[in-house]
Amino acid sequence: MVLFIDNKPYEVPAGKNLLETCLSLGLDVPYFCWHPAMGSVGACRQCAVKVYKDENDQKGRLVMSCMEPVVNNQRISVEDHEAKEFRGHVIEWLMTNHPHDCAVCDEGGSCHLQDMTVMTGHNYRNFRYKKRTYTNQYLGPFLNHEMNRCIQCYRCVRFYKDYAGGKDLDVFASKNNVYFGRAEDGVLENEFSGNLAEVCPTGVFTDKTLKQHYTRKWDLTMAPSVCQHCSIGCNTIAGERYGSLRMIANRYNGDVNGYFLCDRGRYGYEFVNAADRIRNPHIQQRETDRGTLLSTLSGLLNKPGVIGIGSPRASLQSNFVLKALVGEHNFYHGVSDTEHDLAELAVKILREGPVRTPSTKEVEEADAVFILGEDITNTAPILALAVRQSVQQQPAALAEKANIPLWNDAAVKGIVQDKKGPLFIATLTTTKLDELATATYRATPECIARLGFAVAHALDNTSPAVTDLSENMVVLAGQIAQALRAAKKPVIISGAGCESDAVMKAAANVAYALNKENSNTGLVYTMLECNSIGLAMMGGHRLHAAFNAVVNGHADTVIVLENDLYRHGRKSDVEAFLKACRNIIVLDHSVHATTQQADVVIPAGTFAESDGIVVNNEGRAQRFFQVYESKDMVCESWRWLLDIGAAANHARLSHWKNFEEITHAIATDEPLLKRIDAVTPPSQFRVAGQRIPREPHRYSGRTSMHANINVSEPKPPEDADSPLSYTMEGYRGMPPSSMIPFFWSPGWNSVQSVNKYQQEIGGELKGGDPGIRLLEPVADKTIKYFEGIPEAFKPLEDHLLIMPMHHIFGSDELSARSPSVAQRIPKPYILLSMDDAVALSLLENYMLTFYIGRYEYSLPVKVSNALPNGVAAVPYGLPEIPYTELPEWATTRSPKYLHTLTPTYTPKHLNT
Amino acid sequence: MFSIIRTMWLTFLHMFHKRATIQYPEEKPQLPARWRGRIVLTRDPDMEERCVGCYLCAAACPVDCISLQATEDEHGRRYPAFFRINFSRCIFCGYCEEACPTYAIQLIPDFEMGEYVRQNLVYEKEDLLINSQGKYPGYNYYRVAGLAIKGKSKGEGDNELEPVDVHSLLP
């Protein structure tokens, strides 16, 4: 298609609106209410351009470019005098009530309203009357509210309600008085509320954690990073100033997170700044220096009997160097045996099976989704956001039939009404996505697996059949099978959240059966940690084998890499293990139960102080870059291990000097990780001979920020591991897509500048979306269905099957340490079904005492109508609830063999 | 010959001209009020700190010799937690004063800042903050900004309407 803009012809794709088209071509058209992920509503009138009838038309007519589809040979003008004047007036009206606040506004310097005001040339308020004011609301620990600044673009409610499914933000009052907020003060409940800070074109909603150590965008040292708080691996930008991490912003990756992050990812970063971080090496709880540490360790490591325990939250590099240091046979995955099996199963299914695992973006485009066992809102929130969009896919066909382009949001919503595409959810209890579901099924993992196997059998007779199915389940399985079969792009989602291999196998069977007829079938497994899949692809032994090796006397020295073993093993096992170890060496950044028992503690870097690669649930290897070098002795685990290896004269480790060399070694050594040295360009990469600066060109205070210590400025650190520099000098153009430290373009200071980095609006980044997919199915595989259908769950008298219940805030180890996230962590509880609560004569908030093994627990009761009988659920990973390998049977009767000295656990705040 | 005598005569006449040279430091120079000398942080008419920690001075500084950290009190009023100028780098260009939206940072006609130790040229907030409004008396940024602070709720600033009553249906 040809489009003439200001008499210049451009080749443009069809089906888009004029605004998107102009922005894709790199032209600056101002806008407010349009958002690439949410489409157009034509409310703000800011994007007006002129459209001409033909080349002889001199007059033209003003149209809103976001509401006008591209037509072949159309002639438009952005620069037309009348259009410019119109846009100037519009912004002047929008600004009549905008306060004189920029100096004290957190948005200043990355503000879309500032950018658009400058772009349209408005600079003087002609309106002589008083400014309207509003009172603000308390919106919880994540967002600050300053309603005076609002320009009524409606983006916040469109995102919060329509896109993210939030219920508690709305628009109130009328005409010139409209108010965007909650019905009353209170915490914004939606998991994606933090995106309002980026969606709002001005400073009505701003990041409250950033406010506590406020820094302008131009003053941050930023680096491309990857979120470490779940297995999706959203791309983030992490910003530092004065040695502390200041904020996490979204880094667009069309395949993974698109424009949005969840609140766990956005606000979980504060653990990096914790006062009790491990900043110096300790031997026997005493601070020590580098030399002593290395000589002590080289003495320890030159003796036999050293084992290493890796971590699913450490990078591939760190795990690999540990593996190389202790030897392949002495390297153990630091995850519970169930998690170990589930991650290996996921890798096996995705690598050897016929079904492809789709990216989050592809899940968004799915037209039928079947979720087995996973509460994705809490285990992989961004995936849940994608599923929320996927239910719109099927009804959107109505709009297409009516000739309404899909970007025309209000019209599409009008024709779709509340119709939803097929979404089936089989989980233990209610989830937040239930409101969108066609049908839900509440059961234990065994029964969920049976449903899955039944669906697979309904799709393909050759897959194993389930016996003794209830009639309801047969009907439900048939319904699900029919909906999935009718879909063009069905997606099956399951994961490690319910700790059941049967559920994951059932999901695989469904996907295999579907894939026979429809090769567009997708299968998604979510995992529990950011590098679970990467660790599973690396090979290593089970954690229990490590315990046995030490307890049986085959080894006496253990190196634990960024891992709190108490989160991965049964308390009694871990205690026995640690007691049996003669030397416990722990590398970590935060204090936990394992570091407290360690003989040697080594200060590892967090993601912000480290370079590394993690592999997400999709098998996508993604690199995170060091944001800043710590002033203390903190550095990457892999660097510590290299130094230790060199001190101990380790043959391989003494050869590796930097990130690059380790990554090459992984690519040669590990058959499943062959391509990871291509994730980012090598460290010698330069653009026009220059590095890529981590600091924007307006970075300030270089000759003053350290002047209190010494007036002579220190030399900035040099980065041996990446092509990025720690200064503001370097290449100012567009860096390769895998190494974008921040989004900025002349005239576009806000995050909206991402438009300039995309191939086309909402599409992939120029140069392709970052990350390399390591797991692709082999074509033409014969399908081997999983057998082993579990028996249906039967409740046991006086017993409860304790299941883990994941929470977006609290279940992840690191983000739970962030003070803002900590305010949102639920209080410990045990969830019981109504019948069980009645049988035990318990009411809500009564204490239930139960016993797992020889441990006694006492937790307040919550009652659920949805939970199956004979099952109870406790929040996973909460610091107050000691970890046992769940699911586990508990008894409600005091067992006879209960040890008299058993520590009784009652959460502190419940004592009062 | 004549030119030599003329030159001597003109030189002789200069003895009676007004002298441009002054005997500094015994005698102090009279500098105009807009002379760009030492940088100070001023206070508003209520004798509160004018600086709101907006970082514009730091961004404008061509030699990057200003660094600060913004923070706020319990009522939401912003101020710099620290404010540092490295005068050994400062070129007295006055861009910081131009950039300042609150008239907080001002250059005053004082240039007597010589030090033997370069480290002493690093000025912290307590060295910079003066008890005066400086060159721009009467301006109070928080009176015209929309933000509520202690003693000024929403709608109490200059040129502001009462806060909107969201529950009202009146036209």
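## Report on chains A and B

In this predicted model, residues 220-276 of chain A carry the UniProt annotation "domain: 4Fe-4S Mo/W bis-MGD-type", taken from an unreviewed entry. The table sets out the computed secondary structure and end-to-end distance for each span.

| Span of chain A | Helix | Strand | Distance between end C-alpha atoms |
|---|---|---|---|
| Residues 220-276 | 9% helix | 35% strand | 24 Å |
| Residues 82-121 | 55% helix | 0% strand | 14 Å |

**Chain A as a whole**

Chain A contains 26 helices and 37 strands. Its radius of gyration is 28 Å, close to the 29 Å that the globule rule gives for 912 residues, and chain A is therefore as compact as a globular protein of that length. Along the principal axes, the C-alpha atoms of chain A occupy a box of roughly 90 × 75 × 60 Å.

The domain assignment divides chain A into domain 1 (2-94), domain 2 (282-337 + 534-683), domain 3 (341-528) and domain 4 (799-910). Between the C-alpha centres of domain 1 and domain 3 of chain A the distance is 40 Å.

**A five-stranded sheet in chain A**

Chain A includes an open sheet of 5 strands in the order 2-1-5-3-4, with mixed pairing. Strand 2 (8-11) and strand 4 (61-64) of chain A form the edges; each has a single partner strand, so one side of each is left without a neighbour in the sheet. From one strand to the next, the twist averages 40°.

Within this order, strand 1 (residues 2-5) and strand 5 (residues 74-77) of chain A run parallel and are joined by 3 bridges. F4(A) is placed opposite R75(A) of strand 5 of chain A. Helix 2 (residues 81-94) of chain A lies across strand 3 (48-52), strand 4 and strand 5 of chain A, and it runs at about 155° to strand 3 of chain A.

**The contact between chains A and B**

Chain B contributes 38 residues to the contact, and chain A contributes 32 residues. On the side of chain B that touches chain A, helix 2 (56-60), strand 2 (66-72), strand 3 (78-86) and strand 6 (160-163) of chain B each supply at least two residues. By class, that side of chain B comprises 22 nonpolar, 9 polar and 7 charged residues.

Strand pairing also crosses from one chain to the other. Strand 6 (residues 131-133) of chain A runs parallel to strand 6 of chain B, and 2 bridges join them. In this pairing, T133(A) has P163(B), in strand 6 of chain B, as its bridge partner.

**An annotated site in chain B**

Which residues of chain B does UniProt mark with the feature "binding site"? The unreviewed entry places this feature at C51(B), C54(B), C57(B) and C100(B). Although they span 50 residues in sequence, no two of their C-alpha atoms are more than 10.3 Å apart, so these residues gather at one spot. One of them, C57(B), lies in helix 2 of chain B. Helix 2 of chain B is also among the elements that supply at least two residues to the side of chain B touching chain A.

Notes:
Residues numbered from 1 in each chain as written. Chains lettered and ligands numbered in written order. Predicted model: local features only at pLDDT ≥ 70, side-chain atom pairs only at ≥ 80, totals over all residues. UniProt positions renumbered as here; feature names shortened; annotations may be inferred. Helix = DSSP H or I, 4+ residues; strand = E, 2+ residues; numbered from the N terminus. Contact = placed C-beta atoms within 7 Å. Nonpolar A, V, L, I, M, F, W, Y, C, P; charged D, E, K, R; others polar. Pairing = 2+ DSSP bridges. Domains from an automatic or database assignment. Axes fitted to C-alpha atoms, helices over the stretch in contact; angles between N-to-C directions. Rg over C-alpha atoms; globule rule 2.2 N^0.38 Å.
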